[in-house]
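Here are a few friendly notes to read with the structure open beside you. Take them one at a time, and look for each residue as you go.

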Number of protein chains: 2
Amino acid sequence: MSRAFNFCAGPATLPEAVLKQAETELLDWRGTGMSVMEMSHRSDEFVSIAETAEKDLRELAGISDDYAVLFMQGGASSQFATIPLNLLGENAEADYVSTGIWSKKAIAEAKRFGNVNVAASSEDSGFTTIPDQSSWATNPDAAYLHYTPNETIGGLEYDFVPESGAVPLVADMSSTILSRPLDVSKYGLIYAGAQKNIGPSGLVVVIVRKDLLGKARKETPTMMNYQVIADNGSMYNTPATYSWYLAGLVFKWLKEQGGLQAMGEMNARKASKLYGFIDDNDFYANPIDPRFRSWMNVPFTLADDALNGEFLQGANARGLLNLAGHRSVGGMRASLYNAMPEAGVDALIEYMTEFAKERG
Amino acid sequence: MSRAFNFCAGPATLPEAVLKQAETELLDWRGTGMSVMEMSHRSDEFVSIAETAEKDLRELAGISDDYAVLFMQGGASSQFATIPLNLLGENAEADYVSTGIWSKKAIAEAKRFGNVNVAASSEDSGFTTIPDQSSWATNPDAAYLHYTPNETIGGLEYDFVPESGAVPLVADMSSTILSRPLDVSKYGLIYAGAQKNIGPSGLVVVIVRKDLLGKARKETPTMMNYQVIADNGSMYNTPATYSWYLAGLVFKWLKEQGGLQAMGEMNARKASKLYGFIDDNDFYANPIDPRFRSWMNVPFTLADDALNGEFLQGANARGLLNLAGHRSVGGMRASLYNAMPEAGVDALIEYMTEFAKERG
C-alpha cells in the first residue's frame, strides 16, 4: 500500500518529508560514508546534529537560557520516578491533579517516593472534564504541582495553564507538546515522550528550569539525575542518537510549516472539523466536556458497539489505520498529531459519513 | 563518499545489508503503509517484529526458557544502578572485578546502593591484564559477582568465564556479546548496550535468569524493575520500537552469516591479523598482555605520538574512520565488531604499512 493515514496514538505517524529525508541519508549522512546511527555521539558530525536539534527546539518553543533541554531515555514512564527523585525532598509534598489514566500512573509512581497530595480529580465524572482550578486543594508549600495537559487515552485536554504561584509547575506534555504555541516560562519542568509529536519512541525530552537542578536525592540513579545529564549535554552515556537525529528533522519540518502558531491553527481546524462532524451525526458520539476536548486525541463511539469490528475493517481497507480506542476504554480514537495532514481528517470524515449512512 | 570502513567503538558500524533493508522498508513496512517507527508497539505487526527478534536472539545465543530476555532503555550505564537495585539486598554484598574504566563505573554506581567488594583489580598494571581467578578475594555469600568480559576503552578481554559457584555471575557484555559462541547457562545476568554488536544506541538487552526476578528493593523505579519489565514482555511502557526492529534485522543477518560460531571464527581471524601486523611492525605497539587482547577493540600507539594527527587525517582520506583512541587514553583504537568486514582490516593494515614506511 502507499502511505496510509495512521491515526495511532503513539508511536504515531511522522511527517512523510522527514521519513524521506531519513531514507535518503540512511546509509550515508551527507557524504560521511556513515549512517547517523553509526556515528560516535562525540563526533563533530553528531554533536552538530544534536546541537542543531536543541537550537531548533528552543527556537520553536521559545525556550530561554534559564532552562536546560535534556534528551533522555526511558519514556515519560521513567520520568514518573525521575521527577520525584529530583524534585521532591524527603519530607516535602507534591501536588498532583488527576484527570485520567496517565495522571494516575504519574501519581502512583510518585507515591512510592514521597508524599503526594491529589489536589483535584475528575475521576467522578469518568474523566470527562477538568476540575475548575478554584476547587483545587493545592499546598502552597508543595515541592511542585504536576498535571497532564492532555490525556492521550481519554482525549481530555486543558484549555488553560494552571496558576501555581511560586510552586514549580510540572507538565507531562507527551501528547500535546509542539501542537500549538507554548509559554515555557510558566513551567518548572516539561517532559514529553517523543513518540507522538517529536519523533520515534526511545527518546524523552525534558525542559527544566535550571534552578531546579542539583536537588536529586542521594538514592537517585546517576542516569536519572537531571544535574548530571544537564552537565554532560545529555551525553553522560551514549544517548539515543538516531532518535535524537529524527527529532531534529521533525523540528526543522515544524519550522518549515510555520512553527507552533501555524501548527496550532491547523490542529484547531482539524479537531474542529472532526468534532463538528461527530456532533452533527447521530451515529457517532464523543463523551468529553466540549470545553476540554483534546485537539490531539479524539475518542468516539458508534451508536452500536457491535459494529466496531466492521468499522475498523472498512477503515483499514481504505488506509485509515489504528482507529481502535485504547484497550482500557474501547470504542474508537483518532489521534491528530502534527504529522496528520488535514487530508487524513477529510478522508476519515468521508468514511465515517458513508459508514453511518450504510449501517446507521 | 561511498560506505567507509568505520572503526568507531560505538555507536558502531552496522551491517550494510541491514541498513539497506531498513532503507527499503523505511516508509512502508511490508505493504502496511507505515514505517516501523510509526507502529503501535501493541499492534500485531510490531509484536511479531519484537517476538521474532527475541526468538532469533534466543536461537543465536542458546538462551533457554530459564531466562527472560528484556529490551530496555538507558544503556549499560543505567544497568549499573538497575542491577544492584534488583539483585543486591539491603545488607548483602556484591563482588566486582575491576579491569578498566567500565568496571570502575559499574563499581562506583553499585557502591551508591550497597556494599561492594572489589574482589580483584588489575589497576596496578594499568589495566593491561586480567588477574588470575585464583587470586580473587570473592565472598561466597555475595549477592552476585560482576565482571566486564571486554573493556571497550582499554582493549582488554577475558579469555575465560569466571567460576562463581552458586553466586550468580553478572556480565557487562556491551562490546563482546554475539561476537563468538556463548554459554548463557553460566550466567545469572548478561547485559549489553546495543550500539556495538546489536543495533543502534537507545536499547539495552538484558538476559536474566528467572529465579533472580522479583527481588527488587522497594525504592526501585518501576521502569527499572526487571520483574515488571519481564511480566510485560518489555512493553510496560512504549519500548524503543525502531531500535528493537533494527536489532532484529541484525540477529537475522547474524544467522545468515552462520551464527556465533562463524562470527567467532571471523572475529578471531580479523583480530589475529591486526595484532600480528602490530607485533611485527616496530612502528606500532599494543600494550595489552597478549593472552587478554580484545578481539573487538584493538588499541595501538604509533612510535611517535606527534604523528597521531597526520595518521588520522590520512586514514580519514581513505575512508578509514574513527580510529582515534578514547579521549581518556589517547593513541589509536580500531574496533572490529561483527559488522566490520575482513576487508576493512585488510585496508587498515595496508594503510598502516604505508604510513610506517613513509613516516617511520
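The points below cover the contact between two chains and then one residue in it.

1. A word before we start: this is a predicted model. Please keep that in mind for each value that follows.

2. Begin with the two chains together. Chain A and chain B bury about 4,800 Å² between them, and 55% of that area lies on carbon and sulfur atoms. On the chain A side, Leu27(A), Met37(A) and Glu38(A) lose the most area to chain B, together 14% of what that side buries. The contact draws 62 residues from chain A and 62 residues from chain B.

3. Now look for charged partners. Two salt bridges are counted between chain A and chain B. Glu38(A) forms a salt bridge with Arg3(B), with the closest N and O atoms 2.6 Å apart. The side of chain A that touches chain B has 26 nonpolar, 24 polar and 12 charged residues.

4. Polar contacts come next. Across the interface of chain A and chain B, 30 residue pairs are in polar contact, both residues being at pLDDT 80 or more. Helix H1 (16-25), helix H3 (75-87) and helix H6 (241-256) of chain A are the elements that give two or more residues to the side touching chain B.

5. Is Thr222(A) buried or exposed? Thr222(A) counts as buried because its relative accessibility is 13%, and the cut-off for buried is under 20%. Its side chain makes a polar contact of 3.1 Å with the side chain of Arg112(B). Leaving aside neighbours within four places in sequence, the residues in contact with Thr222(A) include Val228(A), Tyr236(A) and Glu109(B).

Key. Residues numbered from 1 in each chain as written. Chains lettered and ligands numbered in written order. Predicted model: local features only at pLDDT ≥ 70, side-chain atom pairs only at ≥ 80, totals over all residues. Heavy atoms only, no water. Buried < 20%, exposed > 50% of the residue type's maximum accessible area, 1.4 Å probe, protein only. Polar contact = N/O pair within 3.5 Å; in protein donor to acceptor, adjacent residues only side chain to side chain. Contact = heavy atoms within 4.5 Å. Buried area = accessible area lost by both parts, 1.4 Å probe. Salt bridge = Lys/Arg side-chain N within 4 Å of Asp/Glu carboxyl O. Helix = DSSP H or I, 4+ residues; strand = E, 2+ residues; numbered from the N terminus. Nonpolar A, V, L, I, M, F, W, Y, C, P; charged D, E, K, R; others polar.
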